[in-house]
Amino acid sequence: MSCGDDNPAATPTPCEDVQGDGRWMSMHNRFVSDSKGKEPEVLFVGDSLVQLLHEFEVWRKLFSPLHTLNFGIGGDATQHVLWRLINGEVDHICPKVVVLWVGTNNHGHTPEQICGGIMAIINVINQRLPQAHILVLGLLPRGKSPNPLRDRNARVNTLVQAELAPLSFASFLDVDPGFVQPDGSILHQDLYDYLHLTPQAYQRVCRPLHARVKALLEAHAP
């Protein structure tokens, strides 16, 4: 599925330092440093939807007790996460579950390319953390009204589910509780900027996510 050098979404690429402050690379280096001496059971990796989760009470209540690390960076696309994982972020840890949530920022890429990028990440995680189960979260709908990016994200989800179906070490979880209303709109009470989640929306997303992660950890227990 479009893995390899001909797919920009599956080609490890550091994020361009547009602002000139080195923030992205500094965060990557901090993650590498933070991982040393830690023994997380669970690792979250991805974009701002992962990063911002760390700021909410739901993280402290549901995921911190599971000994969880959060390696989310806002704005990351699949090629950025791929670069980070290849360059040290998982070299010092052995989590039992890796939660991957990325792809909505892959602007200019086709659904097939984005799926290829996600599968390239999964391959790297499986090679470096063969003991871990990889839980891939479905991309959420975005935008107040129906738009091409919603259609793209839905297509990515369909492709990724099909790719994961035969794999024993990875699975897919649709965490959309029904953000799209019957008239096709999304409420700002759920996605405050029609992309990022409000605290109440994180609650709705994280209840089934927490249940799945706990089940995977229990299945992993000796």
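Residues are numbered from 1 along each chain as its sequence is written, and side-chain values use heavy atoms, with hydrogens and water left out. Because the model is predicted, local features need pLDDT of at least 70 and side-chain atom pairs count only at pLDDT 80 or more, while totals for chains, interfaces and linings use all residues.

The UniProt record, an unreviewed entry, lists residues 44–204 as "domain: SGNH hydrolase-type esterase". UniProt positions are given here in the numbering of this text, feature names are shortened, and annotations may be inferred rather than shown by experiment. Over residues 44–204 the chain is 41% helix and 14% strand. Helices (H or I, at least four residues) and strands (E, at least two) are DSSP runs, numbered from the N terminus. The end C-alpha atoms of this stretch are 18 Å apart.

Helix H1 has 13 residues, which at 1.5 Å a residue should span 18 Å. The expected span is 1.5 Å times one less than the number of residues. The end C-alpha atoms of H1 are 18 Å apart, in agreement with that value. Which residues of H1 are buried? They are Trp24, Met27, His28, Phe31, Val32 and Ser35, where buried means under 20% relative accessible area, exposed over 50%, and partly exposed in between (1.4 Å probe, protein chains only). These residues lie on the same side of H1, because they cover an arc of only 140° around the axis; the arc is that of the directions from the helix axis to the C-beta atoms. What covers them includes helix H2 (48–53), strand S2 (68–72) and H4, by contacts (heavy atoms within 4.5 Å). After H1 comes Gly37, with a positive phi near 85°.

The next topic is charge pairing. Side chains of opposite charge can pair when their charged atoms come close. A salt bridge is taken as a side-chain nitrogen of Lys or Arg within 4 Å of a carboxyl oxygen of Asp or Glu, and by this rule there are 8 salt bridges. One of them joins the side chains of Glu41 and Lys96, at 3.4 Å from N to O. Glu41 is in the loop between helix H1 (23–35) and strand S1 (42–46), and Lys96 is in the loop between helix H4 (78–89) and strand S3 (97–101), so this pair ties together parts that are 55 residues apart in sequence. Both ends are partly exposed: Glu41 has a relative accessible area of 25%, and Lys96 has 23%.

Another salt bridge, between Arg155 and Glu112, has an N to O distance of 3.9 Å. Arg155 belongs to helix H6 (residues 148–164) and Glu112 to helix H5 (residues 111–128), so the pair ties together parts that are 43 residues apart in sequence. Arg155 is partly exposed at 39%, and Glu112 is partly exposed at 30%.

Arg60 is partly exposed at 44% relative accessibility, as is Glu57 at 39%. Salt bridges also link Asp76, Arg84 and Glu89 in a network.

Leaving out residues up to four places away in sequence, Asn105 touches Asp47, Gly75, Asp76 and Ala77. Asn105 lies in the loop between S3 and H5 and is buried, with a relative accessible area of 16%.

The loop between strand S5 (170–173) and helix H7 (199–220) contains Leu187. Its contacts, apart from neighbours within four places in sequence, are Phe179, Gln181 and Tyr194. Leu187 is partly exposed at 35%. Tyr194 is in the loop between S5 and H7 and is partly exposed at 23%.

Most residues other than glycine have a negative phi. Tyr194, however, has a positive phi of about 65°. His67 also has a positive phi, near 60°; this residue lies in the loop between H3 and S2 and counts as exposed at 51% relative accessibility.

How many disulfides does the structure hold? The number is 0, a disulfide being a pair of cysteine sulfur atoms within 2.5 Å. Cys15 is partly exposed, with a relative accessible area of 27%, whereas Cys206 is buried at 1%.
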